[in-house]
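Hi,

Here is the structure I said I would pass on.

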Amino acid sequence: MRRSNNHPIIGIILILSGVFFLFSKDGVNNLSWSLLLWLLPLVILGLGIFFHLVYFSRPYKNGEILVPGGMFVTSGILFAVCTYTGNWELMTTFWPIFPAGLAIGLLEYYFFGRGPGGVLIPVFIIGGIGIIFLGTTLNTLTKGYMVPVILILLGVFFTFRGNGRKYF
């Protein structure tokens, strides 16, 4: 059986690139840049979803493709939220999602791609750094109330969790 060499995605990217450069040559530069910035989150998110579809649709599974897939999906979601709300100030708060995206991709590789156990070491280090920085940023934004509230909620959870004993 002969394999087809049709690549419609490459063709679509080339067509969109040509239209973009045609608009910028014609003096419609602001329109083309705003169109590019509006489409960029969708392209990044679509690329991540494409990597996941490639992995889950093939009988021979190469799990390493899940690492950039997870990174692109998390980055694409963050870019989409910032772009479509028009609030790029969110990036100053949620920048730790980028290292967490790498940790998510590695975690997907470990669970779905049957990655080696050593993959969990960078997952915990990079993911932990992302969570610590995100928590620090959010704690600063909430004027220091977030950490005490989390400690109280964790205390309530550990006090009243159901492990067979009744406390009341």
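Starting with the contacts (heavy atoms within 4.5 Å): among those in the protein chain between residues at least 6 apart in sequence, 51% join residues at least 24 apart. Before you go further, this is a predicted model, where local features need pLDDT of at least 70, side-chain atom pairs count only at pLDDT 80 or more, and totals for chains, interfaces and linings use all residues. Numbering runs from 1 along each chain as its sequence is written, and side-chain values use heavy atoms, with hydrogens and water left out.

The protein chain has seven helices and zero strands (DSSP runs numbered from the N terminus, H or I of at least four residues for helices, E of at least two for strands). Of its 168 residues, 24% count as buried, meaning under 20% relative accessible area with a 1.4 Å probe, protein chains only.

The pair I looked at is α3 (residues 66-85) and α5 (residues 97-111): their axes come within 7 Å and cross at roughly 145°. Those axes are lines fitted to C-alpha atoms over the stretch in contact, with angles from 0 to 180 degrees between N-to-C directions. On the α3 side, the residues that meet α5 include Leu66, Met71 and Phe79, and their partners in α5 include Phe98, Leu102 and Tyr109.

What does threonine 74 touch, leaving out residues up to four places away in sequence? Ile97, Gly101 and Ile104. Threonine 74 lies in helix α3 and counts as buried because its relative accessibility is 13%.

Cheers

Conventions
Buried means under 20% relative accessible area, exposed over 50%, partly exposed in between (1.4 Å probe, protein chains only).
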